[in-house]
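Student: I would like a close look at one helix. Please take it slowly and show me what surrounds it.

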Amino acid sequence: MLGTYDRAGRGVNLIRMAKFDLSNDIHAVARCVWYTLTAVDADYKMHRNRMVSVVDYRGEWKSSPLQFVRLLTAFPFDATPVPMVSLHTLYPTSLKYEILQTIRHALPNDTRLRNRFHRGSPLELDYALRSFGIDLSDHLFQECDRGSSENDEHDESIEEDIRQRQQLDEGWRQSEAPYCKPNSPIAMFPISQDIIMGRSKTVATT
Amino acid sequence: MMHSTNDTANNSCFSIPAIHKFCDPWNRNTSDSQDSSLEAYTDADLAADLNALTFAERQAMEADIHRVNDVIEETPEFVDAQLAKMKEALEKIYIRHRQAWDRAIFLRPSLAGDRGLHLMMLRARRFQPNDAAVLMVAYFQAKRDLFGDDLLIHRITWNDVRTTSLWFVVGSRHLDCLQDILTTPPLYS
């Protein structure tokens, strides 16, 4: 999730397939996607204007298209609180384009109709996205499969993003901390030592 | 007899569904030549899919994509009225569909009155209370499926993403349940 917004104030979510490794644990990837899409719950502007996703298919993939299709079909995109109003996919000028077109069939109906395809050189892609009010020039001209130095730089920006998110998480954790103590006067939610007794049922937390 | 054999082969788990099953909801495109292989989704397919929508649906979608839709004025009276309608709509959703939401309220009763959470769902559905209620239920169902009961009522943090080792199986019971929620009209228990 980029820290910037498009011209209309919508959040921009950039997915680079060359960085997307689904080969190990697709479940972990699904949880990461969920976290990315729902961790903006404090962003009022994004709630109001919603979000645009840009999927960059350029570069060498780390996993097979079928794994990506599996994630697309199984992930509950309709259940995220910041809905994706449009999806822009960027293709390189190559034969791969024809193969990748079939992935569109795997998209849910609503997502497929909100999908717009752009194909060409980085400059052409930049112009195409700008016609929709999205400025990704800083990211588009970073070739995914260039030297390792640029990849490292990109990884550093991801690490920085994770650090910022962890700070937010820590703030939230501290705000919840008073209720996590066993002797807390207010029981906001059950903790590990509690036994919950409900209407005609007994459930113990683990 | 021959016809039924072909049908069986087409419905096996190894076959790829024919294109018109995906992009032609009214089955107008019945050409046999398209059943044999999965072809690229062309602009003509997109145009056909868009034409299958109503005028209002198509307008809303284009407005969303180009961000030319009306900005909803969030006056306090309007927001309060929509919040009340959303809470009513939540009560009317089938109990079997809102199990995760009920569980969340049971574990953390303050969620039922959480104005920020309700408002987030309303904004996501452009202040349509019924749609927002369905989204709320689907949100908690998906969260439960992905992270389990333990994190249902908590904010998901980066550490949870890294360390949780739960399952996420395509076609599982929970995902079927979620699909049920998303596709069934929220009317009503």
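In α6(A), three residues are buried: A:Leu125, A:Asp126 and A:Leu129. Buried means that 20 or more other C-beta atoms, placed from the backbone, lie within 10 Å of the residue's own. Seen down the axis of α6(A), these buried residues fall within an arc of 100 degrees, so they line one face of the helix. The arc is taken from the directions that run from the helix axis to the C-beta atoms. An α-helix has 3.6 residues a turn, so residues three or four places apart point the same way.

What does this face meet? The buried residues of α6(A) pack against β3 (84–91), β4 (115–119) and α7 (137–140) of chain A. Contact means C-beta atoms, placed from the backbone, within 7 Å. Helices (H or I, at least four residues) and strands (E, at least two) are DSSP runs, numbered from the N terminus.

This is a predicted model: local features need pLDDT of at least 70, side-chain atom pairs count only at pLDDT 80 or more, and totals for chains, interfaces and linings use all residues. Residues are numbered from 1 along each chain as its sequence is written, while chains are lettered from A and ligands numbered from 1 in the order in which they are written. The pLDDT is the predictor's confidence in each residue, from 0 to 100. In chain A, confidence is highest in helix α6 (residues 122–130), at a mean of 86. Strand β6 (residues 201–204) has the lowest, at 50. The mean for chain A is 74.

Now the wider chain. Chain A has eight helices and six strands. Of its 206 residues, 26% are buried.

Notes. A residue is buried if 20 or more other C-beta atoms lie within 10 Å of its own, exposed if 12 or fewer, and partly exposed in between; C-beta atoms are placed from the backbone. Two residues are in contact if their C-beta atoms, placed from the backbone, lie within 7 Å.
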